[in-house]
Amino acid sequence: MDENGENATPGFLVWRLSTKWRVAVDRAVAPLGMTHAQYALLASLYGMSRAGLRPSQRRLADHTGLEPLYVSKLARALESSGLVARTRDPDDPRAMQLSLTEQGHALTGRAITTVQNLLDQLLRPLGGQDDPRARQFARDLATLLDAPLDPHTENEKEQP
């Protein structure tokens, strides 16, 4: 890939950026004893709880984009570590609601600060997090994430 990515496809650039970000977050949160996936779950839970929500594992899976089974495994491991509490949803006995423990809240707060500093570094070429270019970049990414994917429709278009 050339320095400006001019000859790379958008898909390749998204892949490279997501890989770069995942590796950077993994390295940044490792001293706190967590992985990027654990951070994604804990930080999402932190934000949702600040909004007054106590999400189910399924809702957290939908929010993070992680597979429900993986969220379940992560939640159990985080519960064993004393960072997350899992309780039955009173409205749906099949569902588990998640909340941060006091220890989980404190650790997640430190991790969020660490990752926000990393985000400042990542977005510096766009003028920083508050720059209009960075805000437009975030809107563009959100648009791409919100676009429905129907691989069968796309494959059918290619058929003669």
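A: Start with the term. Helices (H or I, at least four residues) and strands (E, at least two) are DSSP runs, numbered from the N terminus. Here, Gln 57 is found in helix H3. This is a predicted model: local features need pLDDT of at least 70, side-chain atom pairs count only at pLDDT 80 or more, and totals for chains, interfaces and linings use all residues. Residues are numbered from 1 along each chain as its sequence is written, and side-chain values use heavy atoms, leaving out hydrogens and water.

Q: Which residues of H3 are buried?
A: Buried means under 20% relative accessible area, exposed over 50%, partly exposed in between (1.4 Å probe, protein chains only). In H3 (residues 57-64), the buried residues are Gln 57, Leu 60 and Ala 61. They line one face of the helix, because they fall within an arc of 105 degrees seen down the axis of H3. That arc is taken from the directions from the helix axis to the C-beta atoms.

Q: Why do residues three or four places apart point the same way?
A: An α-helix has 3.6 residues a turn. In H3, the face turned away from the buried side carries exposed Arg 58 and Asp 62.

Q: What do the buried residues of H3 pack against?
A: Contact means heavy atoms within 4.5 Å. The partners are helix H2 (36-50), helix H4 (68-80), strand S1 (84-89) and strand S2 (92-100).

Q: Which side chain makes a polar contact with that of Gln 57?
A: A polar contact is a pair of N or O atoms within 3.5 Å; within protein, one must be able to donate a hydrogen and the other to accept it, and residues adjacent in sequence count only if both atoms are side-chain atoms. For Gln 57, the partner is the side chain of Arg 86, at 2.9 Å. Gln 57 has a relative accessible area of 12%.
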